[in-house]
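Please read the following alongside the sequence and the coordinates, moving from the chain as a whole to single helices, loops and a pocket.

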Amino acid sequence: MQGITKALRLHGRQLRQAVQQHMNKGIFSWATLISRIQSESPTVIIPHIGLENITVSEILKAKGEAEAGAVYWCDASNLVHEAVKHMTAHNVGALVVLKSGDMTQLAGIVTERDFARKILLPGRPSEETRVEDIMTEEDKLITVSSRTNILRAMEVMTDKHIRHVPVFDEKVVGMISVGDVVRAIVDQQHQEVKQLKKYIRGDYY
């Protein structure tokens, strides 16, 4: 339990804020969070290796993106309506925006929050608005690499108040969300608890 205890002691505030952003609620509840994560991901997503050893790469592998090369993207010139349909089809909350479809040329990111704030609220027509008009542009974009530690990724996302971060290793290799990070942390905690119970029962000698 030392890894989880240390993480909560050093990063407890960031974890709490990250969870609140993910759940979009003002009241924090560990019971609700764990129940939600268990229902969404009932199986182990990352082998127990300790939080200090978990990188973004492990999260991508657990999501299947690293092996399948699944990067959900759109072009800056695409209509917002098309981008939202793409998000819905793949059940994701954000798309990386590429320049001419080139994975090495990251133009920005567009999220469901951009759609809500810049299209729905002002009543702009999504069928006539380009992605480039509502996206977060490259000069303001926050990215991580596949080697970034999970706790560092959580800290960055919380400090910058963002829910989705592109993973860039000389080219786009995936996307992680604050939900992915929180799920991995809680999953590691569950595995440490199971190991402790086995030790108490005498399964370890």
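**From the whole chain to its parts**

Of the 205 residues in the protein chain, 41% are buried, where buried means under 20% relative accessible area, exposed over 50%, and partly exposed in between, with a 1.4 Å probe and protein chains only. This is a predicted model, in which local features need pLDDT of at least 70 and side-chain atom pairs count only at pLDDT 80 or more, while totals for chains, interfaces and linings use all residues. Residues are numbered from 1 along each chain as its sequence is written, and side-chain values use heavy atoms, with hydrogens and water left out.

The secondary structure of the protein chain amounts to 8 helices and 6 strands, taken as DSSP runs numbered from the N terminus, with helices being H or I of at least four residues and strands E of at least two. Read from the N terminus, the order of elements is α-α-α-α-β-α-β-β-α-β-α-β-β-α. A contact means heavy atoms within 4.5 Å, and among contacts between residues at least 6 apart in sequence, 65% join residues at least 24 apart. The accessible surface of the protein chain, from the Shrake-Rupley method with a 1.4 Å probe, comes to about 11,400 Å², with 50% of that belonging to carbon and sulfur atoms.

In α3, which spans residues 56–63, the residues Val56, Ser57, Ile59 and Leu60 are buried. They lie on the same side of α3, because they cover an arc of only 160° around the axis, the arc being that of the directions from the helix axis to the C-beta atoms. In α5, the buried residues are Val80, Ala83 and Met87. These fall within an arc of 60° when seen down the axis of α5, so they line one face of the helix. An α-helix has 3.6 residues a turn, so residues three or four places apart point the same way. The buried residues of α5 pack against β1 (73–75), β2, β3 and α6, whereas Lys85, Thr88 and Ala89, on the other side of α5, are exposed.

Just after α5, Asn91 takes a positive phi of about 55° although it is not a glycine. Asn91 is placed in the loop between α5 (80–90) and β2 (94–99), and is exposed, with a relative accessible area of 73%. His161, in the loop between α7 (150–159) and β5 (164–168), likewise is a residue other than glycine with a positive phi, near 55°, and His161 is exposed at a relative accessible area of 55%.

Is the loop residue Val131 buried or exposed? Val131, in the loop between α6 and β4 (136–137), has 0% relative accessibility and therefore counts as buried. Leaving aside residues up to four places away in sequence, Val131 touches several residues, including Val80 and Ala83.

The second largest pocket has a volume of about 350 Å³. It is lined by 16 residues, of which Thr111, Arg113, Asp114, Thr136 and Ile162 lie nearest its centre. The lining of this pocket has 5 nonpolar, 4 polar and 7 charged residues, and α6 gives the most to it, with 5 residues.

Terms used. On a 1 Å grid over the protein atoms alone, a cavity is a set of points where a 1.4 Å probe fits but cannot get out, and a pocket is an open set with protein on both sides within 12 Å along at least five of seven lines; lining residues have an atom within 4 Å of a point. Grid points are joined across faces, edges and corners, and a volume is the space filled by probe spheres set on the points. Ala, Val, Leu, Ile, Met, Phe, Trp, Tyr, Cys and Pro count as nonpolar, Asp, Glu, Lys and Arg as charged, and the others, Gly among them, as polar.
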